[in-house]
Amino acid sequence: MLTSSFTKNSHSRKILFGIIFILLAFGGGYFIGHTRAADGQVPQGEGKVLGQSTAPASLSKDVDFKHFWEVWKIVNESHYKQPVSDKDLYYGAMKGMLTGLKDPYTVYFDPEEAKEFKSNLNGTFSGIGAEIGIREEKLRVVAPLDGSPAKKAGLQPDDWILAIDGKVTTGMSVDEAVSLIRGEIGTEVILLINRQGVKDSFDVKISRDKIVINSVKWKLDDQKIMHISITTFNQDTNGLFSAAIQEALTKNARGIILDLRSNPGGLLTSAIDVASAWVGYEPVVSERTKDQVQSFKGLKAPLLTEIPTVVLVNGGSASASEIVAGALQDYGFAKLVGTKTFGKGSVQDYREFEDGSAMKVTTATWYTPKGRTINETGITPDIVVDYTLDEFKAGKDPQLTTATKILLGTYEAPKETNGETTGN
């Protein structure tokens with residue numbers, strides 16, 4: 001479900017995840033994880049609750065845990081379905097506590113969910129191949145992957161997911177939605193979709209399949225413009241991207257179009273590597289926690305600073321995509337063309353507990369080199385160009401056409417006449 005990068009120190013293992021949920025392959029944004037033992041753990045036997053007297057020193061004085069245990073007792077004594085599982089109550093309470101933060105990326109996993117979550121970090125994934133997120137407290141499609149079942153079924157960025165197999169998604173977390181959408185290869189999931197410009201909601205039936213992602217594709221066109229498309233930032237991105245830019249250099253490409261449209265993100269290290277091709281050793285992004293700021297600089301010498309570049313983005317460009325696009329825009333190494341990006345710029349800390357449960361908690365947000373926030377704001381292109389469904393069906397790509405004209409020197413900026421915009 002998420003890509004990862006591991007390092008070790010004397011206290012913990014740190015896990016760097018891209019938090020972009022490509023249903024069963026990725027989760028929307030970034031992940032920095034620590035594997036730590038919990039101070040306490042869920043009781044091993046039903047009906048026995050441990051550690052009730054332990055409370056953090058920072059606990060507000062007006063929070064009386066007597067009420068919590070009163071509710072626990074009432075449920076145990078009065079609920080019609082007996083016996084009541086104390087473990088289930090415990091895990092449910094933990095999940096409920098984190099929902100109080102109103103942050104869809106801070107979640108708690110019971111042991112079974114945590115095990116499933118970790119298995120998706122290292123294994124083969126089956127799903128529909130679409131990244132989802134929360135906006136305006138609603139579940140929406142951030143981006144379907146090229147060639148994925150979601151893409152073939154017609155899902156589009158900005159589609160609202162109203163129900164999953166009949167289960168209404170109101171108040172549903174991203175993780176819960178992912179668990180409902182993923183499943184065995186060959187099985188089907190039905191999503192109830194609401195789409196802007198379409199009057200009525202409609203069902204989309206999608207057959208789950210193995211998700212295989214080639215993160216970078218490239219080609220040099222007849223006009224010696226190198227097209228580099230990055231669908232996600234994962235462990236193979238660095239090598240493939242290096243091969244692409246070497247071909248661009250050896251064949252004297254006159255320009256580069258870096259296509260980050262519908263790229264939901266991935267590894268921070270991969271994003272920094274890609275951005276380094278232009279920014280070199282300068283800062284690529286900064287991470288701001290509640291009490292400190294950390295800057296992440298490029299790690300390679302700049303190779304593409306002399307080649308004119310255009311970056312394509314849209315509402316499905318999230319997390320790592322926004323970091324790369326924001327850095328190139330800040331330093332003036334590229335023009336951004338397309339529509340405003342998603343705005344997923346937060347960092348999640350992943351922690352495992354002794355009983356097998358785990359949690360993700362948002363600990364920081366990302367900022368561009370010039371200090372622009374990414375989270376919930378997104379990156380606005382230098383040249384806004386829409387890409388309508390009718391244009392897509394007709395095989396037209398006005399964003400790509402605009403990028404090509406910019407690199408060929410034939411682009412004419414739209415002119416405003418009597419409050420109306422005209423131009424090519």
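The side chains of Gln 348 and Thr 362 are joined by a polar contact of 2.6 Å, a polar contact being a pair of N or O atoms within 3.5 Å, where within protein one must be able to donate a hydrogen and the other to accept it, and residues adjacent in sequence count only if both atoms are side-chain atoms. Gln 348 also has a side-chain polar contact with Ser 346, at 3.1 Å.

This is a predicted model, in which local features need pLDDT of at least 70 and side-chain atom pairs count only at pLDDT 80 or more, while totals for chains, interfaces and linings use all residues. Residues are numbered from 1 along each chain as its sequence is written, and side-chain values use heavy atoms, with hydrogens and water left out.

Is Gln 348 buried or exposed? Gln 348 is buried, at 0% relative accessibility; buried means under 20% relative accessible area, exposed over 50%, and partly exposed in between, with a 1.4 Å probe and protein chains only.

Now the aromatics. The whole structure has eight aromatic pairs. One of them, Phe 68 with Trp 72, is tilted, at 5.8 Å centre to centre and 50° between the planes. Rings of Phe, Tyr and Trp (its six-membered ring) pair if their centres lie within 6.5 Å; planes under 30 degrees apart count as stacked, over 60 as edge-to-face and the rest as tilted. Phe 68 is partly exposed at 30% relative accessible area, whereas Trp 72 is buried at 10%. Together with Trp 69, Phe 68 and Trp 72 form one aromatic cluster.
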